[in-house]
Structure formats: structure tokens, C-alpha cells
Amino acid sequence: MRRAVKEFAPRSPADLYYVLKYARWQLPVRQKYVPFVESKYGIEIGGPSALFSTILPLYPFIGGLDGVNFATDTVWEGSISAGNDFNYYAGKSGRQFISEAVNLSEIPTNRYDFLLSSNCLEHVANGIKALTEWKRVIKPGGALILVLPKKESNFDHRRPVTKFEHLLDDFNHDVGEDDLTHLEEILALHDLSMDPPAGNLEHFRQRSLKNFENRTLHHHVFDVPLIERMLDHLRFEIVDITTTKTDFFALAKKIPRTASLANDDAPRV
């Protein structure tokens, strides 16, 4: 555990929590994931994540990694700035982008060998729009490595799993990141006893109304069938989906574009 903390220096209380949470465990299937990142150049949305130095230790193998966060001051990363200071592992750094997860317009198409995202997509209102953009910046044959929380292990355990049709409707209506459609459900079913930073119900409500500023809400709740359907809809080839007590781990490849799929990079509606 000390080694994990040393190699991934926490920059916020949330960071420290995840370092301690994952430090003792490693996925038995991690060898499936390493070849997709080893000595390659990728990007991480919403990182850096302690998970990728502990339970799924990919950072030591990566050739280069850039990062994307939505703001210069977040609950998870503390104070950051755009530039060449995305410090994701001991002695390793890349370029830090400040950008919405649904809009990576600064980044050329097919730029990266892989994309990482841990416990981030649930904070995005328009998940399919985000995944469409993430797919765009991955090279054909490149990998998406996606980690999503298992609701039974956290404050979402009372909430229903989001229906795929709802995600698709959000995409078709171009729902923005200021959306609060799920707020009533969240306030009714969020288990505050499992979310100490949320405080009491009134504090949580006030914080949630400012979600566009802090991005602490989980807009959507996932399970394996929903993850599979999203990835299939976006024409990813699923390589692995592993479930742990706390998370879902998904590894998928961007299928190379072919003449028979002229709109391969666009989701089906």
C-alpha cells in the first residue's frame, strides 16, 4: 500500500480515498489489458486515476499519456491548468487538456492508440455523445478501457439501472452537461450514509443544483448489459468485461472503418 501511495501521489482527499481503496488488489485479467497500452500513446478522460496504478496497473507500461478534465479546479484533481503538466505516474507526465468529455475538438481524429476512463462516464449527462467523441480520437484498432462503478457498492444502490433507450434519447436530443433530469430521482434514492461529503439532504440538494460547476452527480447507473449495448451500438469490438465488488472493467477495440460502414464513427439512431 505504501508503494502505491508513493507512486501515485494523491492531490485531493478523493484521490487518497481511491489509492487506499484499490492499493491491495490487482485484477487477475490485467494481462489482457497491458498489450493495448504498452509503449503506446494514449489519453485519459477524468484522470489521473489511482485505479490505473493499483488494481489495474497500466501506468507503468504506458509510453505516453495526455489527460482531459472539464475545469481547472475539481473535487478530484484539485487545482490544475492546461499545458504539459498531466502528472499521472512517478516521473511520467503528458499534456493536460481542459475540455468537456463530450467535446474534444482540440484533438485530431485517430490521434491516440488508446483511451482510459475510470469512474467518469457516470458523471457525464450525455454518455453516448461522450463515447462517440472518445471513439473519434482513438486510432482504428485502438482500445477503449472503461471503468464504471457497480451500483451495489456505492450510494446509487437504490437507483434503477439506466435504460439504453434513455441514453439514446439524450444523444438524439443533444442533452447538455447542465442537464438535471435525474435530480428528483437522485434526491429520493441517493444513500447519503454512503456519501459523507454530500452532507445532509439540504446540503446535497444545494450542491446538486450546482452540478454544472462541480460534476459530482451520477447522471446514469450502469450494469453489464447496458455497457455491452452501448459498446455494440457504437460498433466497438468487446474484448473483455470483468466485474468486481465495486466496478465494471471493459476493454473494447475500435473496429477499423470499412467501405461497407461509411458512417462507422457515428452512432446508430
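## Cavities

How many cavities of 30 Å³ or more does the count come to? The count comes to two. Keep in mind that this is a predicted model. Rolling a probe the size of a water molecule over the atoms shows where empty space is left.

The largest cavity has a volume of about 40 Å³. Its lining consists of F155, D156, R159, I186, H190, F204, R207, T216, L217 and H218. By residue class, that lining divides into four nonpolar, three polar and three charged.

For the second largest cavity, the volume is about 30 Å³. Here P149, K150, K151, N154, D156, H218, H220, V221 and F222 form the lining, with three nonpolar, three polar and three charged residues.

## The largest nonpolar core

In soluble globular proteins, nonpolar side chains tend to be buried together. In this model, the largest nonpolar core holds 35 residues, and L121, W134, L144 and M230 touch the most other members. Elements giving two or more residues to this core are β1 (41–45), β7 (112–118), α4 (127–137), β8 (138–149), α5 (164–172), α9 (224–233) and β10 (247–254). The most comes from α4, which gives five residues.

Which residues does M230 touch, leaving out those up to four places away in sequence? They are L121, L131, F164, L167 and F222.

## A second core

There is also a second, separate core of 24 residues. Among its members are L27, I62, L116 and F249.

Conventions
Residues numbered from 1 in each chain as written. Predicted model: local features only at pLDDT ≥ 70, side-chain atom pairs only at ≥ 80, totals over all residues. Heavy atoms only, no water. 1 Å grid on protein atoms, 1.4 Å probe; cavity = no way out; pocket = protein on both sides within 12 Å on 5 of 7 lines; lining within 4 Å. Points joined across faces, edges and corners; volume = space filled by probe spheres on them. Nonpolar A, V, L, I, M, F, W, Y, C, P; charged D, E, K, R; others polar. Core = buried A, V, L, I, M, F, W, Y, C linked by side-chain atoms within 4.5 Å. Buried < 20%, exposed > 50% of the residue type's maximum accessible area, 1.4 Å probe, protein only. Helix = DSSP H or I, 4+ residues; strand = E, 2+ residues; numbered from the N terminus. Contact = heavy atoms within 4.5 Å.
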